[in-house]
Amino acid sequence: GGLDEADGPTRESMTIIAAHEHSLACLALSVDGRRLATASERGTLIRIFDTSLAQQLQEVRRGTEKVSITSIAFDKSVSWLAATSDKGTIHVWTVRQEGQTGGGPMAPAPVAQPTAATSEALAESGSAKRNPQYNLAGLGGLLPSYFSSEFTFAQYRIPFGRCLVAFGGEEHSVLAICEDGSYHKLRFDPTKGGDMTRVSFCKFTDEGRAVRGGGF
């Protein structure tokens with residue numbers, strides 16, 4: 001799947017970004033328009049591009065099983081990226097920052113330490129314990145592209161199917177609205193990563209009532 005990036009309504013200057021081999025399924029722009037995140041219909045990888053250079057900066061891996069990515073979002077500082085799929089897991093990754101060195105155009109983003117995250121989320125993300133950025137650093141071009149992808153930093157499993165995700169106004173908070181009418185506010189540890197904590201919950205019923213709950 002490719003993208004046409006035009007400079008102005010006349011499309012006099014246009015750049016084509018070859019984002020994925022398969023058709024595009026979901027994309028998101030950062031609030032400043034400088035970063036673009038894309039996912040294909042396979043849903044295994046999300047790629048981040050510099051929109052001014054049409055250059056890929058980073059590749060993060062959701063998992064190996066084909067899924068449908070339902071939403072992607074940057075936080076306002078463009079330090080974090082979140083995505084949801086029809087598997088019901090919310091993933092968060094760190095976004096590489098300008099000025100860092102090593103590992104290509106930008107340095108590899110920090111990686112979560114291994115945690116006792118939910119088994120299904122770990123299976124989707126490839127597990128922090130198997131994270132090549134954590135265990136296989138330095139092997140570089142000797143390994144297939146699977147091992148050069150960055151795995152999930154933080155995750156949360158929602159058993160309600162499709163959701164839309166966004167970052168909250170508070171630092172390191174994630175908001176999710178799901179097709180069953182549920183709303184979730186989550187928080188992740190920016191140092192350790194791993195399982196996110198649910199801070200608050202609300203579900204809107206067919207009768208228009210809101211059932212509220214706390215975190216756990």
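This is a predicted model: local features need pLDDT of at least 70, side-chain atom pairs count only at pLDDT 80 or more; totals for chains, interfaces and linings use all residues.

Student: Okay, how confident is the predictor, what's the mean pLDDT of the chain?

Tutor: The mean pLDDT is 76, and 64% of the residues reach 70 or more.

Student: And where does pLDDT stay under 50?

Tutor: One stretch is residues 101-109, where the model has 24 contacts beyond four places in sequence. Another is residues 113-144, with 57 contacts of that kind.

Student: Back to the rings. How many aromatic pairs does the structure hold?

Tutor: Two aromatic pairs. In one, the ring centres of W80 and F153 are 5.3 Å apart and the planes sit at 45°, so that pair is tilted. W80 is in strand β8, while F153 is in the loop between α2 (132-135) and β10, so the pair ties together parts 73 residues apart in sequence.

Student: Are W80 and F153 buried or exposed?

Tutor: W80 is buried, with a relative accessible area of 11%. F153 is buried as well, at 2% relative accessibility.

Student: What about W80 and F188, how are their planes set?

Tutor: The planes are at 70° and the centres 4.8 Å apart, so this pair is edge-to-face. F188 sits in the loop between β13 (182-187) and β14 (194-195) and W80 in strand β8, so the pair ties together parts 108 residues apart in sequence. W80, F153 and F188 form one aromatic cluster.

Student: Switching to the largest nonpolar core: which residues touch the most other members?

Tutor: I90, V92, I158, V174, F188 and M196, out of the 18 residues in that core. The elements giving two or more residues to the core are β8 (80-85), β9 (89-94), β10 (154-157), β11 (163-167) and β12 (173-178).

Student: Let's zoom in on I158. What is I158 in contact with, leaving aside neighbours within four places in sequence?

Tutor: That would be G88, I90, C163, A176, C178 and H184.

Student: Which strands do C163 and C178 lie in?

Tutor: C163 is in strand β11 and C178 in strand β12, so the pair ties together parts that are 15 residues apart in sequence. C163 is buried, with a relative accessible area of 4%, and C178 is buried too, at 6%.

Student: And C202, buried or exposed?

Tutor: C202 counts as buried, at 4% relative accessibility.

Student: New topic, the open sheet of five strands. What order do the strands have?

Tutor: The order is β7-β8-β9-β10-β14, and the pairing is mixed. β7 (69-74) and β14 stand at the edges with a single partner strand each, so one side of each is left without a neighbour in the sheet.

Student: How many bridges join β10 to β14?

Tutor: Two, and the strands run parallel. Q155 stands opposite D195 in β14.

Student: Last one, where is T205 found?

Tutor: T205 is in the loop between β15 (197-204) and β16 (210-214). At 23% relative accessibility, T205 counts as partly exposed. T205 is 23 residues away from S182 in sequence, and their C-alpha atoms are 8.8 Å apart in space.

Student: Great, thanks!

Technical notes
Residues are numbered from 1 along each chain as its sequence is written. Side-chain values use heavy atoms; hydrogens and water are left out. A nonpolar core is a set of buried Ala, Val, Leu, Ile, Met, Phe, Trp, Tyr and Cys residues joined through side-chain atoms within 4.5 Å. Buried means under 20% relative accessible area, exposed over 50%, partly exposed in between (1.4 Å probe, protein chains only). Helices (H or I, at least four residues) and strands (E, at least two) are DSSP runs, numbered from the N terminus. Contact means heavy atoms within 4.5 Å. Rings of Phe, Tyr and Trp (its six-membered ring) pair if their centres lie within 6.5 Å; planes under 30 degrees apart count as stacked, over 60 as edge-to-face and the rest as tilted. pLDDT is the predictor's confidence in each residue, from 0 to 100. Two strands pair if DSSP finds at least two bridges between them.
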